[in-house]
Amino acid sequence: MIWTALAVTLAAGPALPQAGVQLVKVDLSVVAKGYRMSKLIGSSVTNDKSEKIGTVDDVVADKDKKQLSFAVLQVGGFLGLGGRLVAIPYDSLVIDDTGQKITLPGATRDELKKLSEFNYPAS
């Protein structure tokens, strides 16, 4: 019975891509030099005076692709409790080559606390 299903699949021919779907060849050396979001989440964010101003809570991609993405920072609190979340454009962060140091130049914790609080939508 397994052989029959295999023969039917082979007889049907190779799977063809759907109309309108196009694959793009990616330069893997560029991808390898990028930052893994899973490694950035939980990292401290400092300002240009080396003061800790928050922690990366998440990175959110724009559904309409008008902007690349946003960084959600937790500001204030202690050990992840009592802080507030704010969203900033991801490209406003400066990340060193190793991905170990994340800076938001010109920002202070007080300025971030003045931003509108971000709340994750209920799923």
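Two strands count as paired if DSSP finds at least two bridges between them.

**Before selecting anything.** This is a predicted model, in which local features need pLDDT of at least 70 and side-chain atom pairs count only at pLDDT 80 or more, while totals for chains, interfaces and linings use all residues. Residues are numbered from 1 along each chain as its sequence is written, and side-chain values use heavy atoms, with hydrogens and water left out.

**Whole chain.** Helices (H or I, at least four residues) and strands (E, at least two) are DSSP runs, numbered from the N terminus.

Now color by pLDDT, the predictor's confidence in each residue, from 0 to 100. The chain mean is 82, and 78% of the residues reach 70 or more. Helix 1 (residues 2-11) has the lowest confidence, at a mean of 42, and strand 6 (residues 102-103) the highest, at 96. Over residues 1-11 pLDDT stays under 50, and the model has zero contacts there beyond four places in sequence; contact means heavy atoms within 4.5 Å. Where pLDDT is low, the predicted coordinates should not be read in detail.

Strand 5 is joined to strand 6 by two bridges, and the two run antiparallel. Pick Val94 to find its bridge partner in strand 6, Thr103.

**Pro89.** Go to strand 4, where Pro89 lies. Pro89 counts as partly exposed because its relative accessibility is 38%, between the limits for buried (under 20% relative accessible area) and exposed (over 50%), with a 1.4 Å probe and protein chains only. Leaving aside neighbours within four places in sequence, Pro89 contacts Ser69, Phe70 and Ala71. Its C-alpha atom is separated by 8.8 Å from that of Val72, 17 residues apart along the chain.

**Core.** Select Val45, Leu73, Ile88, Leu93, Ile102, Leu104 and Leu112, which have the most contacts inside the largest nonpolar core, a set of 17 residues. Strand 2 (52-61), strand 3 (69-75) and strand 4 (84-89) each supply at least two residues of this core. Such a core is a set of buried Ala, Val, Leu, Ile, Met, Phe, Trp, Tyr and Cys residues joined through side-chain atoms within 4.5 Å. End on Ile102: not counting residues up to four places away in sequence, Ile102 touches residues including Leu40, Val45, Val56 and Leu93.
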